[in-house]
Amino acid sequence: MHRRPPHPIRVIPSEATYYPGSGQSVYYVRGAVPALDTAQLDQSHRPVFIDAEAQLAQYRLLLERLDDATLDVERSRELIHKVAQGL
């Protein structure tokens with residue numbers, strides 16, 4: 001599954017000094033027209049859809065920070081294999 005586009009698996013290593021998480025599931029949908037971008041948040045009472053530019057900017061920043069905190073795809077794969085070998 002890790003080789004199937006467009007969903008690469010990336011790992012935040014346990015040595016990471018921070019985790020810039022949101023505390024809930026966030027799906028960010030972007031396309032060719034940025035004004036149509038939408039974030040979906042899974043909340044206990046119902047899903048919430050965000051499309052206001054100011055709020056979307058915050059979620060883009062969150063996702064950029066998460067991207068910076070993760071290992072690249074190859075190193076993530078290596079770490080997963082190493083952990084699996086230790087089981």
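Helices (H or I, at least four residues) and strands (E, at least two) are DSSP runs, numbered from the N terminus, and the expected span of a helix is 1.5 Å times one less than its number of residues. The model is predicted, so that local features need pLDDT of at least 70 and side-chain atom pairs count only at pLDDT 80 or more, whereas totals for chains, interfaces and linings use all residues. Residues are numbered from 1 along each chain as its sequence is written, and side-chain values use heavy atoms, with hydrogens and water left out.

**View 1. Helix α1 and its buried face.** Helix α1, residues 53-69, comprises 17 residues and reaches 24 Å from its first C-alpha to its last, close to the 24 Å expected at 1.5 Å a residue. Its buried residues (buried meaning under 20% relative accessible area, exposed over 50%, and partly exposed in between, with a 1.4 Å probe and protein chains only) are L56, Y59, L62, L66 and A69. Seen down the axis of α1, these buried residues fall within an arc of 140°, taken from the directions from the helix axis to the C-beta atoms, so they line one face of the helix. An α-helix has 3.6 residues a turn, so residues three or four places apart point the same way. The face turned away from the buried side of α1 carries the exposed residues A54 and D68.

**View 2. The three-stranded sheet.** Strands β1, β2 and β3 form an open sheet in the order β1-β2-β3 with antiparallel pairing, where two strands pair if DSSP finds at least two bridges between them. β1 and β3 stand at the edges, each with a single partner strand, so one side of each is left without a neighbour in the sheet. The twist averages 20° from one strand to the next, with axes being lines fitted to C-alpha atoms (for helices over the stretch in contact) and angles running from 0 to 180 degrees between N-to-C directions. Four bridges connect β1 with β2 in the antiparallel sense, and V26 has L41 of β2 as its bridge partner. β2 and β3 are likewise antiparallel and joined by four bridges, L41 having V48 of β3 as its bridge partner, and these two strands form a hairpin with four residues between them.

View 3. What covers the buried residues of α1 includes β1 (26-29), β2 (38-42) and β3 (47-50), contact meaning heavy atoms within 4.5 Å. In β2, A39 and L41 make up the covered face, while T38, Q40 and D42 make up the uncovered one. I50, which is found in strand β3, is buried with a relative accessible area of 9%. Leaving aside neighbours within four places in sequence, I50 is in contact with D37, T38, A39, L41, Q55 and L56.

View 4. T70 lies in the loop between α1 and α2 (73-85) and is buried, with a relative accessible area of 18%. Its side chain makes a polar contact with the side chain of R10 at 2.6 Å; such a contact is a pair of N or O atoms within 3.5 Å, and within protein one must be able to donate a hydrogen and the other to accept it, residues adjacent in sequence counting only if both atoms are side-chain atoms. A polar atom of the T70 side chain also lies 3.0 Å from the backbone oxygen of D67. Not counting residues up to four places away in sequence, T70 touches R10, V11 and I12.
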